[in-house]
Amino acid sequence: MPSPSDGAGAESPESSEQQGGLARRTVLRLGAAGAVGVGLTTVRGVAMPYLADRGWLSADGAFAATSTALSDALYTEEFPTSPLILTPFRDALAIPKALRPTSRSEYRRWPNPPGPGRGQQNSLGNARHQMWPNKVRYPDPIVYEIDLLVRRHSFTSSKVLPIDSNGRPTISFNGSGQVFTAGTRRSLPASTIYGFNGAFPGPMINAEYGRPCLIRFRNRLHQNPLGLDRQDFGSPDWSFLTHLHNGHTAPESDGNPHYSMTAGPKGAGYMPGMWVDNLYLNWPAGGDDREKQSFFWFHDHRMDHTGANVYKGMVGLYPIYDPKRGMDMGDERRGLRLPGVRRNHPDGSFDVDYDIPLVFYDCRLNDGTTVHHDAHDQEYPKARNPKTHPRWWGTTFFKHFPNHGFVGDIFTVNGTACAVLHVKRRKYRFRFLDASVARIYEFKLMSSTKGPKSAASLGYSGDDLQGQYRIPDGEQCMRFNQIASDGGLLPFPIKRDSFELWPAKRREVVVDFTRYQDGSPTSKGDVIYLTNVMKMGTGRMWDSSSRFSPDPDYKVPVLKIVIGDNAPDHSHVPPRLRPLPPLPSNWRSMMDDRKVFEVERGSAGGETEWLINGQQFEPHSVARSLPNGAGQTPLARQKKGSFALWEIRNGGGGWVHPFHLHMEEHRTVMRDGKEVTRGDPSHPDDRSREDLVALDPGESVVVYRGFRDFVGPYVAHCHNLAHEDHAMMFGWSITP
Ligand SMILES: [Cu+2]
């Protein structure tokens with residue numbers, strides 16, 4: 001087991017409390033207290049000088065700043081323009097390979113091997129696994145090791161041209177502070193990441209139902225062997241929590257703050273030097289095959305810093321296959337025969353060809369002149385903000401920025417900007433994941449005769465430069481055949497011209513590269529662009545999309561696909577996939593007793609504006625419903641084995657919220673008061689199981705959910721990570 005002092009380059013975390021600063025949670029609490037006119041109590045001693053210093057306190061000690069004044073003090077809504085990638089679509093798309101497990105003989109020799117006993121779940125020795133696999137007659141878990149490492153990552157190998165917000169060439173800098181004149185072409189420096197096994201995206205585990213996995217996550221973020229600058233984002237105390245989104249997982253392995261504040265780490269997360277064994281049973285909810293899913297991802301869930309940690313690289317992949325009767329086991333000659341050619345490895349792991357995850361992540365790169373001023377400067381004293389950081393030129397730039405959220409202007413797929421994928425002339429399965437902080441995408445498959453042109457060369461400026469390239473003559477040439485959403489395989493495939501991908505959501509499609517949508521055959525050398533057609537200049541919501549005010553000029557190619565040779569193809573998309581679990585015939589009678597949660601932008605302003613039922617996340621308690629049809633305001637507690645209706649409302653106008661419920665997939669039964677169990681033309685895959693409610697402005701959704709197999713605390717939260725990190729989250733629990 002590592003200790004905080006081992007290894008090269010050990011440093012001390014930038015603990016803001018120790019350095020005389022103030023952790024975000026304290027500021028949030030103060031804001032909440034001030035907003036309702038309550039005096040400051042327990043944190044008064046620490047907080048008063050800090051707040052007084054910034055003019056945020058009135059004479060009587062209340063939190064004085066008004067919404068506007070506080071916003072002015074907290075936000076500088078200014079972002080850099082990333083340098084232009086000059087030779088796009090030449091770097092190959094990275095195709096993840098399955099992580100190899102650790103052999104039993106090896107992990108048995110560990111000083112603290114994994115196991116079902118008391119104290120065996122983490123390095124603190126204070127937790128045990130709620131359900132070891134033998135309780136569901138599953139074998140012992142396959143063990144994987146994932147270390148959290150400080151490493152670096154490059155988004156492109158292309159030369160870049162530094163440009164300003166008008167798209168004109170501008171000056172740039174290097175790590176020694178040297179200045180380069182406008183028009184100088186540059187190589188991009190690598191960005192510092194906090195990565196699972198040091199990579200972005202991190203490892204991919206190909207899992208299977210019936211074969212549990214246990215991952216030992218070890219925090220080595222105190223080690224910095226390459227001497228990299230940690231910059232001013234990422235959890236300041238270097239702690240982490242990992243959530244397998246949306247695994248059917250016991251609380252101690254779910255990475256949720258509602259658990260970790262009261263058990264396990266009993267704090268923000270697992271600190272440098274600690275480890276935790278997250279056990280993923282790969283057991284469908286209630287043991288029901290119809291609850292099986294197909295694509296998870298794991299990401300950091302550290303309270304208040306999830307967005308920063310995910311943006312800093314803490315993203316891993318977890319496709320899950322179903323070997324039962326060969327239904328969906330990655331072998332296109334068996335079961336449903338979805339595209340995939342499985343290659344088994346002697347250690348029990350396997351890779352699947354023609355089955356490719358696509359992880360979307362947008363970033364901004366430092367221009368060296370945009371100030372880093374941010375309400376959270378005090379959490380990173382070593383960065384000495386607010387200031388510009390010319391030495392950080394070309395590396396990832398982040399603002400915690402709760403107001404409009406955070407969107408990047410470089411769109412990456414599997415960690416590479418403007419990548420190219422060479423495919424065979426056959427069918428592929430693609431697993432889409434949005435791992436962005438706030439950006440929503442809408443994808444189409446397009447062809448273009450003239451190819452990509454930089455937005456700058458087309459005369460665009462400001463937010464219109466986002467994505468860097470456009471295909472002005474792009475036209476849709478193929479359709480997607482959607483086979484899965486968040487909750488796994490759909491009951492039947494859906495042909496789609498385009499689909500939206502909201503933060504944390506997954507959607508899987510089959511694309512047939514032998515034919516265009518008009519039936520004409522493709523040829524070797526044909527080029528197709530996976531294109532984003534949703535414009536989203538800020539984290540608030542989209543400016544244009546196919547559903548609302550489409551902008552036919554916004555066609556941003558995110559991946560170039562080049563068709564190659566023919567290849568054998570035994571795959572097929574059957575008319576039926578996985579049946580939905582039943583909805584009880586009396587579900588409407590459960591409406592009066594539903595639990596109601598309203599996600600809203602409150603009026604308190606500043607850091608305290610993101611609320612659920614008027615409250616900020618309180619990690620030690622469970623939330624209370626708004627009055628339901630029966631006039632009750634029940635606590636968010638459910639008995640193990642029960643089912644219920646939950647209503648999620650978007651209370652604030654002009655904002656969208658991707659709202660995520662941990663633990664079990666739900667089914668949408670009503671949208672805006674209308675029953676949608678038979679489908680809704682504008683949300684065709686509502687007829688599926690999902691773990692994320694995509695809430696348009698003012699929308700309300702009623703979902704049917706189960707609470708099976710485990711007991712304990714869980715969370716639900718907005719997956720716009722800027723909102724989540726500003727307390728748009730609530731605790732709920734399952735009781736025995
Ligand atoms: Cu939100």
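Tutor: We can go through a metal site, a sheet, and some charged pairs. This is a predicted model: local features need pLDDT of at least 70, side-chain atom pairs count only at pLDDT 80 or more, and totals for chains, interfaces and linings use all residues. Residues are numbered from 1 along each chain as its sequence is written, and side-chain values use heavy atoms, with hydrogens and water left out.

Student: Which residues coordinate the copper ion?

Tutor: H657 (ND1), C718 (SG) and H723 (ND1) do, at 2.0 to 2.1 Å. Donors here are N, O and S atoms within 2.8 Å of the metal (3.2 Å for Na, K and Ca); water is not among the atoms, so sites may look incomplete.

Student: What spacing do the donors follow along the chain?

Tutor: The pattern is H-x60-C-x4-H. H657 lies in strand 37 (residues 657–661) and H723 in helix 7 (residues 721–724), so this pair ties together parts that are 66 residues apart in sequence. Helices (H or I, at least four residues) and strands (E, at least two) are DSSP runs, numbered from the N terminus.

Student: Are H657 and H723 buried or exposed?

Tutor: Both H657 and H723 are buried. Buried means under 20% relative accessible area, exposed over 50%, and partly exposed in between (1.4 Å probe, protein chains only).

Student: New topic. What is the order of the six strands in the open sheet?

Tutor: The order is 34-33-36-41-38-39, with mixed pairing. Strand 34 (610–612) and strand 39 (674–675) are at the edges with a single partner strand each, so one side of each has no neighbour in the sheet. Two strands pair if DSSP finds at least two bridges between them.

Student: How many bridges join strand 33 and strand 34?

Tutor: Three, in the antiparallel sense. R601 has W610, in strand 34, as its bridge partner.

Student: And salt bridges, how many does the count come to?

Tutor: The count comes to 46, where a salt bridge is a side-chain nitrogen of Lys or Arg within 4 Å of a carboxyl oxygen of Asp or Glu. One of them joins R218 and E145 (2.6 Å, N to O). R218 is in strand 10 (residues 213–219) and E145 in strand 3 (residues 142–153), 73 residues apart.

Student: How accessible is R218?

Tutor: R218 has 11% relative accessibility, so it counts as buried. E145, at 23%, is partly exposed.
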